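Colleague: I would like to learn how to read a few structural features from a model. Please take them one at a time.

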Amino acid sequence: MNSEPTGGRLSRMPNQPATTIRGIRIPDELWEQAKAIAHDEGFASASEMVRDCLERRVAEHRKKLDHAGET
């Protein structure tokens, strides 16, 4: 597929990731703080840190559900 601009748009996104891009609303001040924390903690970006936090939260929730089913 050609990635040259056509009519001001790319025919496809170069290096298109396999994951869907999500749009969420985050206040500017919170995003700036998140970027600083991500940098301090060695994440490549605030987005990477957000994904990490979501993965941890989902794993914790699944663990709770698994333990609830054991009793």
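This is a predicted model: local features need pLDDT of at least 70, side-chain atom pairs count only at pLDDT 80 or more; totals for chains, interfaces and linings use all residues.

Colleague: Which order do the elements of the protein chain run in, from the N terminus on?

Modeller: Helices (H or I, at least four residues) and strands (E, at least two) are DSSP runs, numbered from the N terminus. Here the order is β-β-α-α, with two helices and two strands.

Colleague: What percentage of the residues in the protein chain is buried?

Modeller: Buried means under 20% relative accessible area, exposed over 50%, and partly exposed in between (1.4 Å probe, protein chains only). Of the 71 residues in the chain, 8% are buried.

Colleague: Which residues make up the largest nonpolar core?

Modeller: In soluble globular proteins, nonpolar side chains tend to be buried together. A nonpolar core is a set of buried Ala, Val, Leu, Ile, Met, Phe, Trp, Tyr and Cys residues joined through side-chain atoms within 4.5 Å. The largest one here has five residues: Ala-34, Ala-38, Phe-43, Ala-46 and Met-49. Two or more of these residues come from each of α1 (28-40) and α2 (46-70).

Colleague: Is Ala-34 buried or exposed, and what is Ala-34 in contact with beyond its neighbours within four places in sequence?

Modeller: Ala-34, in helix α1, counts as buried because its relative accessibility is 13%. Contact means heavy atoms within 4.5 Å; leaving aside neighbours within four places in sequence, Ala-34 is in contact with Ala-46 and Met-49.

Colleague: How is Trp-31 placed, buried or partly exposed?

Modeller: Trp-31 is also assigned to helix α1, but its relative accessible area of 26% makes it partly exposed. Not counting residues up to four places away in sequence, Trp-31 touches Ile-26, Ala-46, Ser-47 and Val-50. The C-alpha atoms of Trp-31 and Ser-47 are separated by 9.7 Å, the two residues being 16 apart along the chain.

Colleague: Which residues line the largest pocket?

Modeller: Rolling a probe the size of a water molecule over the atoms shows where empty space is left. On a 1 Å grid over the protein atoms alone, a pocket is an open set of points where a 1.4 Å probe fits, with protein on both sides within 12 Å along at least five of seven lines; lining residues have an atom within 4 Å of a point. The lining of the largest pocket includes Trp-31, Ser-47, Val-50 and Arg-51. Helix α2 gives the largest share, four residues.

How values were computed. Residues are numbered from 1 along each chain as its sequence is written. Side-chain values use heavy atoms; hydrogens and water are left out.
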